[in-house]
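Here's a quick briefing for anyone opening this structure for the first time. Have a look at the model below, then read on.

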Amino acid sequence: MDGVTVIDRALVDGARTVPEHGKRVAGRLTGIDVARGLAVLGMYAVHVGPDPAKGGVGVLFKPFEGHSAALFAVLAGVSIALMSGGRRPKQGRARTRVALKLATRAPLLVVLGLWLTSLETGYMVILAYYGACFLFAIPWLRAGAKTLAIAAIVVAVAAPLLSHLIRAQLLPRDLLFFAPDLTADDITSTGLLKAATVLVLTGTFPALTLMAYVFAGMSIGRMDLTSRSVCRRLFFGGSAVAVGGYFVSWLATGPLGGMQAVYRSLEPAAAQLGMTPSEFFRLHQTWIHGTPPTTSWAWELLPTGTSYTPFDLVISIGIAAAVIGGCQLLMPKFERVLWPLSDLGGRVLSAYVLHFVAIALLWDASDGDSIFSVLHFVEFSVVALTAAVLWRKFVGRGPLEWAMNKLSSWPKYVGAVVRIPAQRRG
């Protein structure tokens with residue numbers, strides 16, 4: 001089961017849609033927080049909900065696998081875009097301050113991610129990889145929606161292929177190899193270069209391909225998200241992209257024989273276990289996570305969630321765009337119903353980190369599959385929604401969002417010292 005992460009709501013300086021605490025005031029971008037809230041519930045569905053592979057009611061949880069993680073990553077890009085000016089990218093000193101904030105938050109996320117990994121919950125943690133993405137996003141703070149959309153497309157198509165080429169030489173893998181997650185020991189025992197390689201290329205959420213989501217989100221954040229026509233285009237366009245991606249992948253893996261090539265690469269391992277290649281694939285397909293096997297190029301044709309193939313990236317971007325556009329369209333009509341989700345979405349970093357702490361306290365490795373149930377999903381969801389509503393009412397900003405904001409607020413005092421040159425004018 002995949003791990004997902006969040007970007008704190010405090011990133012959106014100057015784009016806040018609700019007050020820190022007290023009476024709610026409807027804002028024009030509260031749908032973004034609703035989308036974050038949905039992503040949190042999707043994360044709980046994956047982490048403590050029933051296993052879809054076992055059938056029954058668990059099948060209803062299948063759509064969350066992989067796509068909740070992608071939605072968080074796209075929303076991270078949206079937040080970076082809003083933080084850096086939205087439709088009108090900040091220039092000069094203002095952009096410099098944003099760059100310094102991102103550069104400050106990057107190592108904080110790495111440290112926080114390493115600490116969560118040290119809890120040994122058995123889940124993969126993406127926070128450290130986000131730290132790398134924050135640094136990669138800095139040179140693109142001046143870019144507009146069109147440029148960022150092109151960057152997202154190029155990365156979604158080219159990065160998985162480039163990764164395949166490099167990993168085939170550097171760290172070849174088959175289906176049973178599980179991509180490493182970054183730990184503190186990696187940094188102390190193998191050095192920064194190895195740690196950077198894990199973060200960028202060989203880890204469970206490699207930043208090289210993760211940037212496709214961040215670029216897509218930054219492009220969306222540069223659009224006029226207060227416009228219903230723009231949100232409708234996001235909803236219907238994103239839906240069409242997702243459906244089209246699934247269809248083309250089906251053509252490539254079915255009629256064009258891609259899946260047969262995948263099965264041929266699995267024949268030796270499957271034979272050792274007395275299975276057919278298709279049975280072996282179904283049993284271990286979640287092991288593709290982050291880095292597809294390098295035994296055949298046909299693996300890059302799969303649409304499997306969190307496989308980070310071109311089709312997975314494009315489909316997940318389409319779904320995320322549709323969710324964001326849909327939430328923005330629904331929020332004005334269903335505010336009273338959606339406010340709890342918005343409150344949760346405004347405190348996503350806290351919701352993410354604390355749910356790992358809860359899992360570490362409540363269960364251990366010996367509990368096996370007992371952690372996965374509809375009841376546990378409902379319990380986590382109800383507690384998180386209730387806590388978010390009460391915290392917003394009586395306290396305001398989430399505890400970790402507050403801490404992250406405080407630790408990265410120093411650029412407003414010294415941001416004028418370092419300048420990123422403004423774009424030259426004609």
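Searching the whole structure turns up 13 aromatic pairs. One of them joins Phe-235 and Phe-236, with 5.0 Å from centre to centre and 80° between the planes, so it is edge-to-face. Keep in mind that this is a predicted model, where local features need pLDDT of at least 70, side-chain atom pairs count only at pLDDT 80 or more, and totals for chains, interfaces and linings use all residues. Residues are numbered from 1 along each chain as its sequence is written, and side-chain values use heavy atoms, with hydrogens and water left out.

**Aromatic rings**

- Rings of Phe, Tyr and Trp (its six-membered ring) pair if their centres lie within 6.5 Å; planes under 30 degrees apart are stacked, over 60 edge-to-face, and the rest tilted.
- Phe-235 is partly exposed at 31% relative accessibility, while Phe-236 is exposed at 55% (buried is under 20%, exposed over 50%, partly exposed in between, using a 1.4 Å probe and protein chains only).
- Tyr-44, Trp-363 and Phe-380 make up one aromatic cluster.

**A charge over a ring**

- Lys-393 sits over the face of Phe-394, 5.7 Å from the ring centre (the cut-offs are NZ of Lys or CZ of Arg within 6 Å of the centre and within 35 degrees of the ring normal).

**Around Thr-117**

- Thr-117 is buried, with a relative accessible area of 18%.
- A polar atom of the Thr-117 side chain lies 2.9 Å from the backbone oxygen of Gly-113.
- Setting aside neighbours within four places in sequence, Thr-117 is in contact (heavy atoms within 4.5 Å) with Val-125, Leu-182 and Thr-183.

Methods. Polar contact = N/O pair within 3.5 Å; in protein donor to acceptor, adjacent residues only side chain to side chain.
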